[in-house]
Amino acid sequence: MKTPVLNVTLEPKSIKAATAKIKFRTQAFINGRYVNAASGKTYVSTNPATGQPLAKIAACEAADVDAAVKAARRAFDQGVWAKRSPTERKHVLLRFADLVEKNLGELALLDCLDAGKPITDCLTMDLPDSVHCFRWHAEAIDKEYEKVSPTGPGNVAMIVREPLGVVGAILPWNFPFQMAAWKLGPILATGNSVVLKPARQTALSVLRLAEIAAEAGIPDGVLNVVPGSGAVIGAALCRHPDVDAAAFTGSTEVGRQLLQYSAESNLKRIMLELGGKNPQVVFEDAGDVDYIARQALSSVFWNMGENCSSGSRLIVHRKFKDKLLSRMIELSREWVVGSPLDPATKIGPMIEESHMMKVLEYVESGKREGAKLVLGGKRTLLKTGGYFVEPTIFDGVKPAMKIAREEIFGPVLSVLTFDTEEEAIILANDTPYGLTASLYSENVSRAHRVARAIRAGTVSVNCFSEGDATTPFGGYKQSGFFGRDKSIFAHYQYTELKTIWMQLT
Ligand code: NAP
């Protein structure tokens, strides 16, 4: 299967031309073919920047999930992927990464149209990072050795890792292609078959990915994509008796349900990457105000704040607060809200109307509870029909307020203050979540002490960063369960550990 390449650069002309030409894959991808949902039903996905319909997508149901799981199981049992040599799997995945790179412009544009993500971010971050992610996991395949345990001379005991079998992967809408890459890289590298369920709002780039994977040589049935409602097919996938594991990125509430599905079905392994209410802790000895202001704004407003690692709580020393906050308000002008197709845009729309309303309701609750609104707070660009919200900052936030406790998943920052290091740590940890945290201090001993004291899966010192492909990403507390994306640790979680105990004669 060969697919034509659609060139997209950061030139407005190129974006316009590509948008006029782009085609959507809207059917499910099962056993190497695009197919309609068995029921023939479709649903309409909306462009969040205009509120207009974008595509009619196959609305899969339990029967389609079952067909995809059967195809995945057959491929796994036949060993067309799982039993290929690690080096062969590496070559296919490297070819896949090359083809994703070749089609990077088209895939970036699909995420931009479908999720309302700024085209500049899609072209320069999400897609290049995804290519790198596939390459990294591919390259790691034939670099890992297995183990021989230190038994006595009468035995040999090998400890080997084997693929889990059929993995269901359920994705969120905020990084549609990149989250697929974070899951697929290690799942495929370790020899599993997979059934992917993209978020209902953002299936387009993941459906196109399936065709590119087939072109790269990933055998039929190894990678299947079923779009549709999570409550219907996500649940069917996680309850399916022939699915060995489910890897999920999404909200803590739905993650909780997955554990129940597993308990009620076959005790499949469940890996959860969930929400966050992440602190950015700024000490009085933090240093350059301008640098910290820029980092803090990126941390909370990047990807419209629709980011699990959004630094939505700024916990700042009382003596540093006024200068930091006034610089942040000045610099917030750079956070241009606009059409995601415009390369100058830094904040696109919220994913859908109901989500925008939820974000605006949080703004109202902040006002009601007595926080001081110092920036934004309103819906904007109404004429476009899109779901845009201004970047918003509340000062004077108290730890008990809703805006300090709940994940808003929008461009809303809550500013809290402290006087002592001890108080800062208590505030940082005062959340049921524990995904990421940033801290700013020029005192290396303090930075080390506080990084250890914060209960989060990633703590960045003097920056806002989730690390790179080599570092595991996942959460403490209610931000995760048994799961880490990225790095060699992700390979381990998609494998079973087997002991082969041999008696020597
Ligand atoms: P969500 O509502 O939990 O949905 C996530 C996925 O689960 C979607 O594909 C959804 O399908 C599906 N789903 C819904 N109900 C289901 C059910 N009963 N059984 C099985 N699957 C079901 O989350 P979201 O709104 O897409 O994403 C935002 C959340 O993801 C935030 O909390 C964010 O923090 C978190 N997130 C975490 C990370 C991380 O790495 N820790 C990364 C990104 C996002 P539908 O599309 O049909 O709803």
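Helices, taken as DSSP runs of H or I with at least four residues, and strands, taken as runs of E with at least two, are numbered from the N terminus. With that naming, α9 gives the most to the lining of the largest pocket, namely five residues. What I am showing is a predicted model, in which local features need pLDDT of at least 70 and side-chain atom pairs count only at pLDDT 80 or more, while totals for chains, interfaces and linings use all residues. Residues are numbered from 1 along each chain as its sequence is written, and side-chain values use heavy atoms, with hydrogens and water left out.

Let me stay with that pocket. On a 1 Å grid over the protein atoms alone, a pocket is an open set of points with protein on both sides within 12 Å along at least five of seven lines, a cavity is a set where a 1.4 Å probe fits but cannot get out, and lining residues have an atom within 4 Å of a point. The largest pocket holds about 930 Å³ of space, a volume being the space filled by probe spheres set on the points, which are joined across faces, edges and corners. Its lining has 38 residues, with W173, F248, G250, S251 and V254 closest to the centre, and the elements that give two or more residues to this lining are α8, β10, α9 and α12 (353-368).

The ligand sits in this largest pocket, in the sense that more than half of its atoms lie within 2 Å of the pocket's grid points. Around the ligand there are 32 residues, of which L171, R200, G230, S251 and E407 come nearest, where near means having a heavy atom within 4 Å.

Which polar contacts, that is, pairs of N or O atoms within 3.5 Å, does the ligand make with R200, Y261 and L274? A backbone N or O atom of R200 is 2.7 Å from a ligand oxygen, a side-chain N or O atom of Y261 is 2.9 Å from a ligand nitrogen, and a backbone N or O atom of L274 is 2.8 Å from a ligand nitrogen. Taken alone the ligand exposes 910 Å², of which the protein buries 90%, with accessible areas from the Shrake-Rupley method and a 1.4 Å probe.

Methods:
Polar contact = N/O pair within 3.5 Å; in protein donor to acceptor, adjacent residues only side chain to side chain.
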